[in-house]
Amino acid sequence: MKTYQVRVCDDGLFFSAAHFITFANGECESLHGHDFHVSVEVSGALQGDGGYVLDFQQFRNAMRDILRKLDHKILLPELNPHFILSVREKEVETSDSVQNWISRVGDWLTKVNDYDRIPSDDSAEEHFERERQMESHLARELGLTPTPQETSACEEAPFESLGAEVEVRFQYRRWIFPEEDCEILPLSNTTAELLADYLADQLRKHPILKDYKPDVLRVEVKESSGMIGAVTQTENA
């Protein structure tokens, strides 16, 4: 029995994206970006009398469609046990409301130093609780949390929607990104290996493989020169 292969790996199969992964020792690397280059190989029988496994051009275009979703995005792993991800709507108050709370900034500046005196021997839970207390205090001082007397007026005031934002927490660190700049993936980490597995799964769902089931599907993701993560999926995987 013969098995044939087709492979696409031209310069057009890449996406530029930012990511940061967590390590087995509990550390998290800094946010950074790559030009990820992708190559894909399919093994199987020839299709009918065509003499080919998959049409090269259609195969390449299918991968480009999949990669386009990741291009110029911040890749976030939804299933990472060390990250806390939340998506929320963000709003900005009207100019009259903004002027109202700006007048309180002077008083706030005289108080904020009290929240900087965090004991170095605090546990992670105590540190996080102090952060929450500080954020609540700042919100009250800046008028972002209405007083009971202001509540009814705030409910009637118009707001301008700014879309949603994604907050990511890791221990003491926190990042906030516009939602439209993020791609939240069903992964435990955004390593090259798991990105390759994700791309392979997406290719299997693409119409080009609707009627053709390859025996083997292999995807390689190159982060940088000499650094490649890959996955090999078989039909019974």
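## Terms and basis

Contact here means that heavy atoms lie within 4.5 Å. This is a predicted model, in which local features need pLDDT of at least 70 and side-chain atom pairs count only at pLDDT 80 or more, while totals for chains, interfaces and linings use all residues. Residues are numbered from 1 along each chain as its sequence is written, and side-chain values use heavy atoms, with hydrogens and water left out.

## The chain as a whole

The secondary structure comprises 6 helices and 10 strands, where helices (H or I, at least four residues) and strands (E, at least two) are DSSP runs numbered from the N terminus. Of the 237 residues in the chain, 35% are buried; buried means under 20% relative accessible area, exposed means over 50%, and partly exposed covers the range in between (1.4 Å probe, protein chains only).

The chain has an accessible surface of about 14400 Å², 49% of which belongs to carbon and sulfur atoms, the areas coming from the Shrake-Rupley method with a 1.4 Å probe and, for residues, with only the protein chains shown counting as cover. Among contacts in the chain with a separation of 6 or more, 70% are made by residues 24 or more positions apart.

## Helices H1 and H6

Helix H1 (residues 56-68) packs against helix H6 (residues 192-205) at an angle of about 120°, and their axes are 10 Å apart. The axes are lines fitted to C-alpha atoms, for helices over the stretch in contact, and the angles run from 0 to 180 degrees between N-to-C directions. H1 and H6 are therefore oblique to each other, since angles under 35 degrees count as roughly parallel, over 145 as roughly antiparallel, 65 to 115 as roughly perpendicular and the rest as oblique.

On the H1 side, Phe59, Ala62, Met63, Ile66 and Leu67 meet Leu199, Gln202 and Leu203 of H6. The residues of this contact divide into 7 nonpolar, 1 polar and no charged, with Ala, Val, Leu, Ile, Met, Phe, Trp, Tyr, Cys and Pro counted as nonpolar, Asp, Glu, Lys and Arg as charged, and the others, Gly among them, as polar.

## Two buried residues

Ile66, which lies in helix H1, is buried, with a relative accessible area of 11%. Leaving aside neighbours within four places in sequence, Ile66 is in contact with Leu199, Gln202 and Leu203; Ile66 and Gln202 are 136 residues apart in sequence, yet their C-alpha atoms are 7.0 Å apart in space.

Val40, in strand S3 (residues 32-44), is also buried, at a relative accessible area of 0%. Beyond its neighbours within four places in sequence, Val40 is in contact with Val6, Arg7, Val8, Phe59, Met63, Leu203, Leu217, Arg218 and Val219.

## Exposed residues and positive phi

Most residues other than glycine have a negative phi. His72, although not a glycine, has a positive phi of about 60°; His72 lies in the loop between H1 and strand S4 (73-77) and counts as exposed at 64% relative accessibility. Gln171, likewise not a glycine, has a positive phi of about 50°, is placed in the loop between strand S6 (160-170) and strand S7 (173-178), and counts as exposed at 57% relative accessibility.

Met227, by contrast, belongs to a strand, S10 (residues 227-234), and is exposed, with a relative accessible area of 52%. Apart from neighbours within four places in sequence, Met227 is in contact with Val221 and Lys222.
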